[in-house]
Amino acid sequence: MKAVVIRTFGSPDGLEVVDVPVPDPAPGQVRIATEAIGVGGVDAVIRRGTLAAHGFRAGHLLGSEVAGRVTAVGEGVDAAWTGRRVWAFTGLSGGYAEQAVAGVEDVLPLPAGLSCADAVTLGASGVVAHFALDRARFAPGETVLVRGAAGSIGLTTVQLAAGGGAGAVVVTTASAERGARLRELGATHVLDRSGAGGSDAPHGFDVVVDVVAGPGLPYFIDRLNANGRYVAVGVVGGQPPADFGGRLVDAFRRSLSFATFSSDTVPGPARQAVRSAQFADAARGALRTVVHEILPLSRAALAHHAMDAGTVFGRVVLTP
Ligand SMILES: NC(=O)c1ccc[n+]([C@@H]2O[C@H](COP(=O)([O-])OP(=O)(O)OC[C@H]3O[C@@H](n4cnc5c(N)ncnc54)[C@H](OP(=O)(O)O)[C@@H]3O)[C@@H](O)[C@H]2O)c1
């Protein structure tokens, strides 16, 4: 089967289409003939080498979420899964392929009315958005900033915050055109990436959900209101300055909180319950997914060039 691996870290041109054996599902796993493969910000972060410390090696088969039909089950898995349309999390590898394997606990049947492309746009990111707001103890009436709102995590966070009764939903994004699209999803104020603009935007935030991190992170910590909660969920802008924690300690009389959040730390059944509800919401149009573009698997490098150029709004989806 065809798959896409990282031959060299850095440029998207280091991605290579290769022939590899079709994987056999191990005990507890299913195999899926992929119909849609999500190109997540995490894939770009791994490919750039930002997560080198986590042990990714040349030859790494990228991709963490797919949707398609189950073609085989491993030992101990109910054969009734075979033939079902499903979404699946494959871990931090294995998704950019014609066939992928996943533990059955990370597989969810798709409701009628939800396309495979929509499923891989919402499946992993929606859960991050939900639990990031939960971790931030977001309450109705509060002012929320979503930093890096134009990606899949941010787009869902904006919708959940708006739907949850936020007093204001402020976003950072790179262009006015994106800002207009974010307003359609529930944003009330639009800032540029640096946090400038939006003359009528509130200066302080009760909750910040940050997909970006990078050098700008301390500035946004400074914009927390007293008792504000900052939840960092991504590093698409790179690592923050090593000493950013000093800002929090210096401001201790304002009782600020900073947390990181990874959905890896949420028990599987809780993740699946939220995902299942979000899939149902998306199928009936109550939660919107944004598929930026659908490209063939063999054009994965093009998808990554678009990610690096900052031209992706929502998620690029690959099809084998
Ligand atoms: N916490 C978890 O459980 C979890 C799970 C999966 C993934 N992740 C992490 O989440 C991130 C990916 O999320 P995603 O797919 O939603 O993001 P994404 O689509 O890659 O990026 C989100 C937005 O951030 C903005 N952005 C990109 N580079 C930037 C920069 N250098 N400075 C400022 N803004 C920038 C872009 O919007 P504009 O151009 O409009 O500014 C982009 O649309 C990765 O870091 C991944 O590791 C976390």
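This is a predicted model: local features need pLDDT of at least 70, side-chain atom pairs count only at pLDDT 80 or more; totals for chains, interfaces and linings use all residues.
**Figure 1. The end of helix 9.**

**Figure 2. The buried residues of helix 9.** Helix 9 spans residues 300-309. Its buried residues are Ala300, Ala303, His304 and Met307. They cover an arc of only 95° around the axis, so they sit on the same side of helix 9. The spacing follows a general rule. An α-helix has 3.6 residues a turn, so residues three or four places apart point the same way. What do the buried residues of helix 9 pack against? Their partners include five strands near the two ends of the numbering: strand 1 (2-6), strand 2 (15-19), strand 3 (29-39), strand 14 (291-296) and strand 15 (315-319). Helix 1 is another partner.

**Figure 3. The shell around the ligand.** How many residues surround the ligand? There are 31. The closest are Gly41, Gly148, Gly151, Ala174 and Gly234. By class, the shell has 15 nonpolar, 14 polar and two charged residues.

Figure 4. Three helices each supply at least two residues of the shell: helix 1 (41-48), helix 3 (125-135) and helix 4 (152-163). Which element gives the largest share? Helix 1 does, with four residues. Why does the ligand shell lie between two domains? Domain 1 (2-109 + 290-319) and domain 2 (125-263) both give residues to the shell, so it lies between them.

Figure 5. Most residues other than glycine have a negative phi. Ala213 is not a glycine, yet its phi is positive, about 55°. The residue lies in the loop between strand 11 (205-210) and helix 6 (217-222). Is Ala213 buried or exposed? Ala213 is buried, because 23 other C-beta atoms lie within 10 Å, and the cut-off for buried is 20 or more.

**Figure 6. Ser255, an exposed loop residue.** Ser255 also has a positive phi of about 55° without being a glycine. Its loop runs between helix 7 (245-250) and strand 13 (257-260). Ser255 counts as exposed, because it has 12 C-beta neighbours inside 10 Å, and exposed means 12 or fewer.

Figure 7. An unreviewed UniProt entry places the feature "domain: Enoyl reductase (ER)" at residues 10-318. Over these residues the chain is 28% helix and 26% strand. The end C-alpha atoms of this stretch are 20 Å apart.

Notes. Residues are numbered from 1 along each chain as its sequence is written. A residue is near a molecule or strand if its C-beta atom, placed from the backbone, lies within 6 Å of it. Ala, Val, Leu, Ile, Met, Phe, Trp, Tyr, Cys and Pro count as nonpolar, Asp, Glu, Lys and Arg as charged, and the others, Gly among them, as polar. Domain bounds come from an automatic or database domain assignment. UniProt positions are given in the numbering used here, feature names are shortened, and annotations may be inferred rather than shown by experiment. The arc is that of the directions from the helix axis to the C-beta atoms. Two residues are in contact if their C-beta atoms, placed from the backbone, lie within 7 Å.
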